[in-house]
Amino acid sequence: RDFGECRGAALMDDLPSAPVRLAIVMRPAVGGMRSHLETFLTLLNRKRFAPTLIAGQDFATFAERLKVPHIPLEIAGKTSPIADLRCIGELETILRKSFDIVHGHGVRGMCIGAFAAKRARLPFVTTLHNLLGEVSLPQSMVLAQALHRTQRLIAVSQAVIASFEANALPLPPHHVVPNGVVTTRSANPDSIQGVRNWFHVPESAPIVLGIGRLEKEKGFDQLLLAFDILRSQVPNAHLLIVGEGSQLEVLRGLAQSDLQVHFAGY
């Protein structure tokens with residue numbers, strides 16, 4: 001109810017009979033952010049919301065599979081003033097007269113989406129997925145302006161909020177909504193035993209499981225360090241790392257052929 005003259009009446013309790021036209025602005029993404037978006041679009045009530053994905057061409061197959069209209073818009077992974085201004089202008093043209101709410105994902109989706117939504121006189125909501133590192137003064141100024149143009153902010157963890165607060169950035173009304181998991185899937189005891197057999201893990205040994213892209217920002221090097229500390233108290237523990245990425249060989253080197261550390265691949 002705080003969206004003023006913006007066409008945000010669709011967010012009120014008395015939703016109109018026509019679905020709310022939702023523009024989802026997505027920067028280049030793999031891994032968790034893409035999985036988050038897939039869950040969101042799969043479970044979104046299509047009778048109340050009509051989503052359109054505005055993202056790079058690499059999302060075309062993704063959108064087709066989820067039966068969501070796709071409008072190509074190439075958002076650069078890193079800040080580029082000239083390219084960003086051009087992208088904001090293109091997005092503004094797309095948004096005008098076609099949507100009711102704009103929902104950006106990630107810092108780049110927020111920075112492009114917030115400015116374009118403001119120019120199109122539409123309410124803007126953003127979901128932040130990643131921790132924000134230390135930013136420069138120009139970056140801080142741009143982020144502050146984007147946040148000022150954001151009516152609601154969603155973060156996937158309190159740590160994400162804390163990382164923005166650590167940079168003294170003014171936050172709009174915000175909520176922490178952790179990433180969802182599919183709880184209907186249950187573990188198969190036979191498959192667990194199969195994992196133990198495959199990796200030669202004794203029945204009595206506890207297993208630490210790490211899953212994700214093997215990239216520097218995911219912190220698997222810290223997991224290996226923590227596992228060393230754990231084994232000082234639980235000597236028979238095993239570590240199973242599931243995933244692929246550019247840091248695989250680096251992590252193998254840190255593990256030093258430890259027979260209690262296993263790399264399972266994708």
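This is a predicted model: local features need pLDDT of at least 70, side-chain atom pairs count only at pLDDT 80 or more; totals for chains, interfaces and linings use all residues.
Helix 4 supplies the largest share of the lining of the largest pocket, namely 7 residues. The pocket has a volume of about 1400 Å³ and is lined by 39 residues, of which Arg27, Val107, Arg108, Asn130 and Leu131 lie nearest its centre. Helix 1 (32-43), helix 3, helix 4 and helix 5 each contribute at least two residues to this lining. Sorted by class, the lining comprises 20 nonpolar, 10 polar and 9 charged residues.

The second largest pocket has a volume of about 1100 Å³. Its lining consists of 30 residues, and those nearest its centre are Gly31, Gly32, Ser35, His36 and Thr39. Two or more residues of this lining come from helix 1 and from strand 4 (101-105). Helix 1 gives the most, with 9 residues. Here the classes are 11 nonpolar, 13 polar and 6 charged residues.

The largest nonpolar core holds 35 residues, and Ile54, Leu91, Leu95, Val102 and Met110 touch the most other members. Among the elements that give two or more residues to this core are strand 1 (20-26), helix 3 (81-95) and helix 4 (106-119). Helix 4 provides the largest share of the core, 7 residues. A second, separate core of 19 residues includes Leu22, Leu41, Phe49 and Val68.

Finally, Ser163 is located in helix 6. Ser163 counts as buried because its relative accessible area is 10%, which is under the 20% limit. Beyond its neighbours within four places in sequence, Ser163 is in contact with Leu131 and Leu132.

Key
Residues are numbered from 1 along each chain as its sequence is written. Side-chain values use heavy atoms; hydrogens and water are left out. A nonpolar core is a set of buried Ala, Val, Leu, Ile, Met, Phe, Trp, Tyr and Cys residues joined through side-chain atoms within 4.5 Å. Buried means under 20% relative accessible area, exposed over 50%, partly exposed in between (1.4 Å probe, protein chains only). Helices (H or I, at least four residues) and strands (E, at least two) are DSSP runs, numbered from the N terminus. Contact means heavy atoms within 4.5 Å. On a 1 Å grid over the protein atoms alone, a cavity is a set of points where a 1.4 Å probe fits but cannot get out, and a pocket is an open set with protein on both sides within 12 Å along at least five of seven lines; lining residues have an atom within 4 Å of a point. Grid points are joined across faces, edges and corners, and a volume is the space filled by probe spheres set on the points. Ala, Val, Leu, Ile, Met, Phe, Trp, Tyr, Cys and Pro count as nonpolar, Asp, Glu, Lys and Arg as charged, and the others, Gly among them, as polar.
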